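Please open the structure in your viewer and keep the selection tool at hand.

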There are 2 protein chains.
Amino acid sequence: MTRPCNDSFLRALLMEPTAHTPVWLMRQAGRYLPEYRETRARAGSFMQLCMNPGLACEVTLQPLARYDLDAAILFSDILTVPDAMGLGLYFTDGEGPRFERPLREEWAIRDLSAPDPWDHLRYVMDAVTEIRRALNNSVPLIGFSGSPYTLACYMVEGASSTDYRRIKSMLYDRPDLLHHILAVTANAVGAYLNAQIESGAQAVMIFDSWGGSLSPAAYREFSLHYMQRVLATLIREKDGERVPSIVFTKGGGLWLESIADIGCDAVGLDWTIDIGEARRRVGDRVALQGNIDPAVLFASPATIAAEARKVLDGYGAAQTGHVFNLGHGISQFTPPEHVTALVDAVHQHSRLLRQKCS
Amino acid sequence: MTRPCNDSFLRALLMEPTAHTPVWLMRQAGRYLPEYRETRARAGSFMQLCMNPGLACEVTLQPLARYDLDAAILFSDILTVPDAMGLGLYFTDGEGPRFERPLREEWAIRDLSAPDPWDHLRYVMDAVTEIRRALNNSVPLIGFSGSPYTLACYMVEGASSTDYRRIKSMLYDRPDLLHHILAVTANAVGAYLNAQIESGAQAVMIFDSWGGSLSPAAYREFSLHYMQRVLATLIREKDGERVPSIVFTKGGGLWLESIADIGCDAVGLDWTIDIGEARRRVGDRVALQGNIDPAVLFASPATIAAEARKVLDGYGAAQTGHVFNLGHGISQFTPPEHVTALVDAVHQHSRLLRQKCS
């Protein structure tokens with residue numbers, strides 16, 4: 001058995017009782033932390049930071065040294081997969097990620113193949129191994145990937161987009177081409193997550209950042225379906241322990257029931273849905289992760305604690321099956337001391353709720 | 001009686017039967033049209049175009065000359081109201097609108113007052129009068145405003161924002177200040193829409209572009225409540241005709257029932273919600289406007305027609321109470337001839353559905 005000392009995160013994902021509601025924050029190792037900015041400067045570039053297992057391990061652990069978090073998440077970027085597919089990822093200051101060779105031509109799309117994660121993404125597996133060793137079974141380590149549709153958005157647009165003009169033109173006029181990209185990418189994502197699990201990731205999360213930009217029918221056909229395919233290929237048990245999976249479609253609140261049905265253990269929620277309503281809608285089928293507005297962290301510590309209590313109260317009396325998180329990644333403008341107020345409020349208030357209940 | 005010859009748009013908003021489903025497009029007078037770009041160049045700047053009633057009338061009519069649209073919408077900008085409140089609106093190339101004096105200090109917030117629309121926004125009323133005269137009762141004219149919360153976002157942030165850091169800090173830490181801004185702005189919006197109605201607008205629409213960035217509780221308190229206040233002050237009848245109102249919160253699909261309850265005649269839908277599901281959720285309380293993905297217009301005319309038919313079929317057999325529209329403003333990259341395919345498909349297929357039904 002390799003369950004970590006603090007296994008509250010894994011237990012909550014599996015709907016098992018916990019002494020408190022576990023909490024971690026999307027993008028918890030990031031620019032809001034001065035120690036992160038220091039390591040990032042030392043690395044040279046963002047990608048050099050991702051590709052150096054020692055430095056990736058260092059920044060993964062930084063938020064755990066500051067805060068009483070219940071999980072660690074691999075420090076990496078969702079675009080490592082298309083980069084390994086040969087698209088040539090690079091970062092420009094202020095404009096975010098870009099690809100040198102975006103997928104625009106039919107021949108390039110037909111040429112696409114899933115990379116061997118043990119070869120082209122070896123640096124990620126080395127980071128996972130090193131982080132697991134450094135965590136020393138204190139808290140679980142989360143591996144992750146972008147969803148096939150979200151990765152395809154970047155691959156076709158060549159950068160982040162506001163209108164998704166190119167990929168949506170393809171979706172409506174050449175669905176065959178987009179389905180081909182998504183099928184290959186789903187294979188790549190499945191193999192990538194399995195390699196992370198083999199390397200030591202104890203749970204995995206699929207980030208569907210852009211599925212929420214689709215119509216309900218297009219979402220089911222081009223995003224949800226391929227996440228279901230990924231989930232179907234995942235290793236479900238490692239060293240005798242279940243490896244739970246979390247699916248998070250930002251802006252997917254209208255489609256919760258469908259997301260809960262694709263074989264994941266937990267569904268991530270952004271902050272636009274009431275978490276109590278979400279629980280009623282999905283019943284006991286899945287755990288829920290979320291969902292405070294990350295902008296709450298700009299407020300005073302007292303307000304942060306009050307808003308955290310509202311989410312916990314809103315979840316309902318039982319408190320089983322809830323992983324507390326932000327509804328989106330933490331902002332770079334968050335004062336680091338405000339995170340302490342959030343994490344401590346979640347632990348204190350969720351313990352109190354359990355006492356009231358029992 | 002002053003109903004226009006083609007009153008299908010007004011009838012649909014009032015849940016009365018129509019021979020076809022009326023259609024208009026958000027931002028139908030805009031940059032995708034070469035004739036608009038020509039007039040815009042002649043005007044000098046975007047604001048000079050808004051402030052010149054003759055030119056505003058010219059661009060309002062341009063899409064009606066090209067397409068068989070069932071309504072005209074006043075050409076203007078939602079930020080004319082905060083500009084009239086003294087914030088100093090200006091436009092920068094590529095960065096969108098900005099305010100010279102964003103609302104940051106408590107004294108400036110306490111100083112805020114609702115402008116007299118007949119004085120500071122006279123140019124808008126003159127445009128409405130001139131457009132009504134030019135339309136010559138062919139199709140109805142829609143007046144509009146931003147919602148109080150959406151206007152407050154721009155007023156506090158000073159520009160468009162991705163994280164709404166400043167207004168959300170105020171929302172959580174100084175709700176009293178934000179409530180003051182919203183109360184004054186709601187008064188301003190109510191007076192502004194009433195002046196448009198007095199000048200000839202035959203329906204009004206409130207654009208809540210940023211309410212969807214809020215948590216459900218914050219949405220109710222800071223956006224929905226103030227739209228309800230605006231609606232309560234509106235002139236409901238003019239020259240013996242009901243003046244219907246439409247409320248559109250982008251990203252508000254989870255909150256439809258609440259939006260339908262604030263006293264509007266119709267609710268606008270973005271493309272992330274299934275329109276049949278929306279109809280079932282709100283019952284017969286309100287008409288629905290929407291909701292095809294504007295990105296569909298990048299596809300081929302045949303695909304556009306097929307997708308338009310899906311929305312009409314999805315709405316359900318009765319077809320009463322539906323105004324066809326995009327789920328968001330038309331993109332500047334839309335080929336103008338593609339709009340013809342959309343408008344004609346809506347008219348043809350909706351006539352066919354009515355024949356099948358009767």
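Which residues of H5(A) are buried? They are Thr80(A), Val81(A), Pro82(A), Asp83(A), Ala84(A), Met85(A) and Leu87(A). The model is predicted: local features need pLDDT of at least 70, side-chain atom pairs count only at pLDDT 80 or more, and totals for chains, interfaces and linings use all residues. Residues are numbered from 1 along each chain as its sequence is written, while chains are lettered from A and ligands numbered from 1 in the order in which they are written.

**Helix H5 of chain A**

Select residues 80-87 of chain A, which form helix H5. Helices (H or I, at least four residues) and strands (E, at least two) are DSSP runs, numbered from the N terminus. In H5(A), 7 of the 8 residues are buried; a residue is buried if 20 or more other C-beta atoms, placed from the backbone, lie within 10 Å of its own, exposed if 12 or fewer, and partly exposed in between. Gly88(A) follows H5(A) and has a positive phi, near 75 degrees.

**The hairpin of chain A**

Next, select strand E2 (residues 89-92) and strand E3 (residues 96-99) of chain A, which run antiparallel and are joined by 4 bridges. Two strands pair if DSSP finds at least two bridges between them. Leu89(A) stands opposite Phe99(A) of E3(A). The hairpin has 3 residues between its strands, and Gly94(A) takes a positive phi near 80 degrees.

**The sheet of chain B**

Move to chain B, where 7 strands form an open sheet with parallel pairing, in the order E1-E4-E5-E8-E9-E10-E11. Its edge strands are E1 (72-73) and E11 (322-326), each of which pairs on one side only. Within the sheet, select E9 (residues 266-268) and E10 (residues 287-292) of chain B, joined by 3 bridges. Here Gly268(B) stands opposite Gln289(B) in E10(B).

**Two crossing helices**

Now select helix H4 (residues 53-66) and helix H7 (residues 122-135) of chain B, whose axes come within 8 Å and cross at roughly 50 degrees. Axes are lines fitted to C-alpha atoms, for helices over the stretch in contact, and angles run from 0 to 180 degrees between N-to-C directions. H4(B) and H7(B) are therefore oblique to each other; angles under 35 degrees count as roughly parallel, over 145 as roughly antiparallel, 65 to 115 as roughly perpendicular and the rest as oblique.
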